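Let us walk through this model together, one level at a time. Please have the viewer open so that you can follow along.

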Amino acid sequence: MGVWQNIWAVVRRELRIWRRRPVYLLGSIGTIAFCAIFFLTFFRDGLPHDLPIGIVDNDNSSMSRNFVQQLDATQLGKVVKYSNFEEAREDMMSGKITSICVIPEGMYADVSANRRPTFTYYLNGLYFVGGALAYKDILTMINLTNGAVQRQVLRAKGVNEREIMGRIRPIDIDTHQIGNVYTNYGYYLTNILLPGMLELIVIIVLIYSLGTELKYGTSKHLVQTAGGSMLDAVLGKLLIYTLLFSGIGLVLIILLYHWMGFPIAGSIWNMFLAIVLMVLASESIAIFILGCLPVPRLALSIGALYSVLGFTLSGFTLPIEALPPYVQGLAVAFPLRHYYLFYVQEVIFGAGFAGWWQEVIHLLVFLFLPLAVLPRLKGAFINQNFPKN
Amino acid sequence: MAKKDTYLRTWLHDTWEIGIHEFRSIFKDGGVMLIFFVAGLVYPLLYNVIYQNGILEDTPIAVVDNAACSESRRYIREMDATREVRVAYRCMDMAEAERLMQERKINGIVLFPGDFGEKLAHMETATLSVYCDMSSFLYYKNALMAVNHVMLHEIGQIQIERYAAAGFTDIEAAQLVQAVPYEENNPYNNAFSYSFFLLSAILFVIIQQTLFYGMSLLAGTMREQNRSFASLPDRMHGHGVGRIVLGRGGAYWLLYMGIGMYIAYIVPAIFGLPQRGDFFDILLLLLFFVTDCVFFSMTWSTLITKRETVFVLFLFMSPICLFLTGTSWPTVAFPGFWKVFSWLFPTTFGCQAFINMSAAGGDLATAHDQMIALTLQTVIYFVLSMAAVSLENWVLRNKERIREEGARRIEARFGVDLTEANERDLRIIRGE
């Protein structure tokens, strides 16, 4: 039998297995569909709004009430009033409010008399995004309040409005967010989390698929189906799984950049390439893990530990350069890291081939991994001389 | 001894035996040991090593200074001095800076327009531009914070100089420029460290997930070998579901109280994470949380019929659980459906309670709501796991009868002989 017949026989055999045991399709298509629905709806708003900010108003003057009203009117904040600091502190500790502003007693009188009362605020930095955004909101409001006081004084002195602006705010900042104009958390996280989930699924499902052959002793039958050639057996399995996973990958890219309209500076076609390469690299990792350790349960556990680490070491949340030096090098061992670097060049900067060709090479290097373990895997498949559980 | 054992004695004896038997199964199973002891003990250490620094400092930026005036130069110097950024390149034009950004040598660009100094001299608002690399929000945060802090400082500086020139005294000028000085406190996470908030949450997610995977692995194995844990010893005559659930649960509970104490007390101590909570408050939290996790895992592991399928079907839930804790994306911003969905997981409440008590140093009162939620969850999952075991046990005892009845019905309807059909199916499955 020729190579193609062998591969075709393995593909037909695999399709029969899929039909008999829904876990393969459920574990790939079902889980990625759940993840897509989860991440796309979870970060629906892009930026949180109406974050609860605690206020302890010890002044209760027109000025302090005005401040509270304005803070409440911002899109980010929603004011929760407290009569004393102790209560507010308890609620901040228990995560009910993101921050506390303490308006000192007699603030209005002090401002009028030029006595410079101190405004104090407390943040809970343990609830990260909420704390950081509330910080930004409070800082803006307190600076606006200071500006308003100054404006009043200048107006009283008869300075005209245009000059007042120049005096209160001599420097202004014009911010440009490259690649994510609306500072949308949903775009930022989903762009990498969904491909990351795909990497995880590819590794787990493929190890499981090859591992079950060992476990139930059907591996010999698999090799026989492929005409006795281990290479053909693996190629047949890879062919059908690559089609499945690449299909999922392409749908993900279309979902993100076409249907959901995520901003993309470069071309969607290049992202197709990126995701297919990532799928291939992840498949190689899966075969490598099982080849090194042809015991299904151990290989699966190792695969699980490895693929969950991939999210952290891709460096899209905490950048790699902030990790300890001896961990930084590890990042290259994860296909998701290279996908992320590819994505930065294509989606954020639109740099094209010149930007990401190195990542293509890195991802292709992964494809050599299975070759190293193929003989060992063949031995395990034919002799079935490893523990099955 | 002829004395008949009381019900209580029998009950305790059975529970003890079942627990001991479960312990034996756990320690005999290499896969479960790998999950419990390698993942449960090493993963927390690994994450701590990775997130050890937790703070991104000195993000490289480029400066395009078209103004070249004393103010812009001072601005650049002050930015370079901040903790957040360092001025790595000074570029002649934007094109050069953009190229550097695309080559990933810098993560931000600050542009001073040609009229920057001029506008300041005319007492107009001078605008400078910041271009942020959004590939990681921490780059954006760093660039923005550095530029804004220097701006606020510079504004104060420039205004005071101007008022001084206009004949105001220092005190008068300060009163005008900043009528209400402010004081900033970030008591629990001073530097907005990434590790403090994320690690505290990850630690408790690890407890729940490893327990769930390990227990499912074992439950799947038993079902595969047709000796489901739900099958009761014959002498109990179908009674004793409670003994099974508590006996088995007890084994995991003991094990995980140990692992939980290691994760909640020792790991943070090794890596210098804040441990401001009271020892006994956190012990109480662990008691509640681990009990909840045991019944949670027992309930959901009912779905696992084959040993390894737990990874194929549920591994992807680990990152999702982390998001559902509300430590990164705030709970108030959860869409309604996902908020209710998050109540399914012990981590949703456990992580928040742990953060409030251990990292923020609150007492039990600050975790009041979470403790109540954990208790409710425990009760519900206990009832559910009892129900699941009873149901499975019933199915197991009546499996033959159910199958035969079904077969008879189909045979009667279609007039086929199923024994023959089964043979044919098997041949197809074998691929012959």
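The paragraphs below go from the chains and their domains to the contact between them, and then to a few single residues.

This is a predicted model, in which local features need pLDDT of at least 70, side-chain atom pairs count only at pLDDT 80 or more, and totals for chains, interfaces and linings use all residues. Residues are numbered from 1 along each chain as its sequence is written, while chains are lettered from A and ligands numbered from 1 in the order in which they are written.

Let us begin with chain A. Its secondary structure consists of 16 helices and five strands; helices (H or I, at least four residues) and strands (E, at least two) are DSSP runs, numbered from the N terminus. Chain A is more spread out than a compact globule, because its radius of gyration is 29 Å, well over the 21 Å that the globule rule gives for 389 residues. Here the radius of gyration is taken over C-alpha atoms, and the globule rule is 2.2 Å times the number of residues to the power 0.38. Along the principal axes, the C-alpha trace of chain A spans about 100 × 45 × 40 Å.

The domain assignment, which is automatic or taken from a database, gives chain A a domain 1 (3–43 + 184–383) and a domain 2 (51–168). The centres of these two domains of chain A, taken over C-alpha atoms, are separated by 50 Å. Of the 389 residues in chain A, 50% are buried. A residue is called buried if 20 or more other C-beta atoms lie within 10 Å of its own, exposed if 12 or fewer, and partly exposed in between, with C-beta atoms placed from the backbone. Contacts in chain A are worth a look as well: among those between residues at least 6 apart in sequence, 76% join residues at least 24 apart. Two residues are in contact if their C-beta atoms, placed from the backbone, lie within 7 Å.

Now turn to chain B, which has 17 helices and five strands. The radius of gyration of chain B is 32 Å, well over the 22 Å that the globule rule gives for 432 residues, so chain B is more spread out than a compact globule. Its C-alpha atoms fill a box of roughly 105 × 60 × 35 Å along the principal axes. Chain B is divided into domain 1 (2–51 + 193–397), domain 2 (59–177) and domain 3 (400–429). Between the centres of domain 1 and domain 2 of chain B, taken over C-alpha atoms, there are 52 Å. Buried residues make up 45% of the 432 residues in chain B.

How do the two chains meet? The contact takes 96 residues from chain A and 91 residues from chain B. On the side of chain A that touches chain B, the largest share, eleven residues, comes from helix 6 (residues 128–156) of chain A. That side of chain A divides into 53 nonpolar, 29 polar and 14 charged residues. In this count Ala, Val, Leu, Ile, Met, Phe, Trp, Tyr, Cys and Pro are nonpolar, Asp, Glu, Lys and Arg are charged, and the others, Gly among them, are polar.

A sheet also runs across the two chains: an open sheet of five strands with the order 5(A)-4(B)-3(B)-1(B)-2(B) and mixed pairing. Strands pair if DSSP finds at least two bridges between them. The edge strands, each pairing on one side only, are strand 5 of chain A and strand 2 (85–91) of chain B. Strand 5 (residues 171–178) of chain A pairs with strand 4 (residues 126–133) of chain B in the parallel sense over eight bridges, and Ile173(A) has Leu128(B) as its bridge partner there. Strand 4 of chain B also pairs with strand 3 (residues 108–112) of chain B, in the antiparallel sense over four bridges, where Val110(B) is the bridge partner of Val130(B).

Finally, look at two loop residues. Phe192(B) lies between strand 5 (182–185) and helix 8 (194–224) of chain B, and has a positive phi of about 55° although it is not a glycine. Asn114(A), in the loop between helix 5 (107–112) and strand 4 (119–123) of chain A, has a positive phi of about 60°. Most residues other than glycine have a negative phi. Phe192(B) is buried because 20 other C-beta atoms lie within 10 Å, whereas Asn114(A), with 14, is partly exposed.
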